[in-house]
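Open the structure in your viewer and keep the sequence beside it. The tour below goes from one selection to the next and says what is there.

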Amino acid sequence: VAENDVMNLAESLTRNLFKTILDRDIPSPIPRLTHQECMDRYGSDRPDTRFDMEVVDLAEAAKASEFKIFQRVVESGGQVRGINAKGCGSFSRKQIDDLGTFAGQFGAKGLAWIKVTDQGLESTIVKFFPEAAQELLRKSLNAEPGDLLLFVADEKSIVADALGNLRLELARQLNLLEKDQFSFLWVTRFPLVEWDAQDKRYVACHHPFTSPLEKDLKTMESDPASVKARAYDLILNGNEIAGGSIRIHQRSVQERMFKMLGISDEEAEEKFGFLLNAFRYGAPPHGGIAFGYDRLVALMAGKEFIRDVIA
């Protein structure tokens with residue numbers, strides 16, 4: 001069994017449900033993006049794709065500018081990224097300040113902004129952007145008169161969290177989130193593990209039985225953070241409605257996974273000996289997926305809360 005076997009089955013089921021119950025046709029095939037593509041373009045691993053307003057990397061414009069804050073962030077390994085709030089150039093200073101306060105809830109130390117007018121770019125920071133840097137901003141963000149450009153400069157995770165949530169907040173304010181519009185997306189190739197700074201060890205992003213990509217097996221010990229998982233999530237309007245993975249079925253790979261997570265041989269034997277022993281006898285390759293039916297039914301029924309449909 002491979003990813004496509006499970007994903008095609010789940011997709012066929014979903015397509016049948018929407019056609020039979022709502023008489024709605026959904027895309028065939030459902031679009032796919034990797035986890036990295038989602039984070040780069042939407043700042044989220046379960047993006048709402050009912051509207052555009054994608055996150056854009058602005059490192060080149062930052063380097064071409066004389067804005068020291070942006071330059072320092074890029075030089076220190078951080079990111080300068082932004083979104084184009086199309087048609088929001090008429091926002092008042094209070095509205096923009098409120099957006100900055102909102103972004104601050106997700107760790108952003110500030111929200112820089114520029115309005116695009118017929119006369120050019122307007123903002124207190126425009127003076128730090130020579131014409132070449134302004135042109136890079138316009139081109140990168142597809143900026144036109146009437147637009148509002150919003151920027152966050154910080155470490156990677158904060159930039160993604162702040163801009164990912166900011167695009168959703170703007171979509172709410174601009175009434176871009178239509179309940180009767182269904183936008184599906186498969187997200188694949190999640191990281192297998194992530195670093196836990198508090199415990200100073202790697203932890204599984206999904207669970208410790210998710211199989212790594214075969215091509216990444218060789219770097220499990222040397223570069224754990226680069227290893228991708230054979231995992232997949234089905235997203236609808238920014239909600240995960242199903243998720244699963246191809247599982248590890250070889251004892252040697254499972255033992256390497258436990259070691260990567262800081263689980264000793266003794267602990268692995270005590271907690272998971274039944275599994276490791278079963279693998280000795282030739283467990284078949286296996287994979288699956290689980291649907292969150294409460295959330296799926298709520299979305300199909302146009303309800304905001306799952307409590308409205310659980311009964």
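**First stop: Gln 254**

Select Gln 254, which sits in helix α8, residues 251–260. The model is a predicted one. Is Gln 254 buried or exposed? Its relative accessibility is 0%, so Gln 254 counts as buried, the cut-off for that being under 20%.

Now show what surrounds Gln 254. Neighbours within four places in sequence left aside, Gln 254 has contacts with Pro 208, Phe 209, Ile 248, Leu 275, Leu 276 and Phe 279.

**The whole protein**

Zoom out and select everything. Of the 311 residues of the protein, 45% count as buried. The secondary structure consists of 10 helices and 12 strands.

Display the surface next. The accessible surface amounts to about 16,200 Å², and carbon and sulfur atoms hold 50% of it. Then consider the contacts in the protein with a separation of 6 or more: residues 24 or more positions apart account for 71% of them.

**Helices α1 and α10**

Select residues 3–22, helix α1, together with residues 293–300, helix α10. The two axes come within 12 Å and cross at roughly 40°. Therefore α1 is oblique to α10, since an angle counts as roughly parallel if under 35 degrees. The crossing in which α1 passes α10 is right-handed.

Which residues make the contact? From α1 they are Leu 13, Leu 17, Phe 18, Ile 21 and Leu 22, and from α10 they are Tyr 293, Leu 296 and Met 300. By type, the residues of this contact of α1 with α10 are eight nonpolar, no polar and no charged.

**Helices α5 and α7**

Move on to residues 93–104, helix α5, and residues 156–173, helix α7. These helices pack at an angle of about 135°, and their axes are 9 Å apart. That angle makes α5 oblique to α7. Here too the view can be turned to follow the crossing: α5 passes α7 in a right-handed one.

Show the side chains at the contact. On α5 select Leu 99, Phe 102 and Ala 103; on α7 select Ala 162, Asn 165, Leu 166, Glu 169, Leu 170, Arg 172 and Gln 173. The residues of this contact of α5 with α7 comprise six nonpolar, two polar and two charged.

Technical notes: Residues are numbered from 1 along each chain as its sequence is written. This is a predicted model: local features need pLDDT of at least 70, side-chain atom pairs count only at pLDDT 80 or more; totals for chains, interfaces and linings use all residues. Side-chain values use heavy atoms; hydrogens and water are left out. Axes are lines fitted to C-alpha atoms, for helices over the stretch in contact, and angles run from 0 to 180 degrees between N-to-C directions. Helices (H or I, at least four residues) and strands (E, at least two) are DSSP runs, numbered from the N terminus. Angles under 35 degrees count as roughly parallel, over 145 as roughly antiparallel, 65 to 115 as roughly perpendicular and the rest as oblique. A crossing is left-handed if the near helix is turned anticlockwise from the far one by less than a right angle, and right-handed if clockwise. Contact means heavy atoms within 4.5 Å. Ala, Val, Leu, Ile, Met, Phe, Trp, Tyr, Cys and Pro count as nonpolar, Asp, Glu, Lys and Arg as charged, and the others, Gly among them, as polar. Buried means under 20% relative accessible area, exposed over 50%, partly exposed in between (1.4 Å probe, protein chains only). Accessible areas come from the Shrake-Rupley method with a 1.4 Å probe; for residues, only the protein chains shown count as cover.
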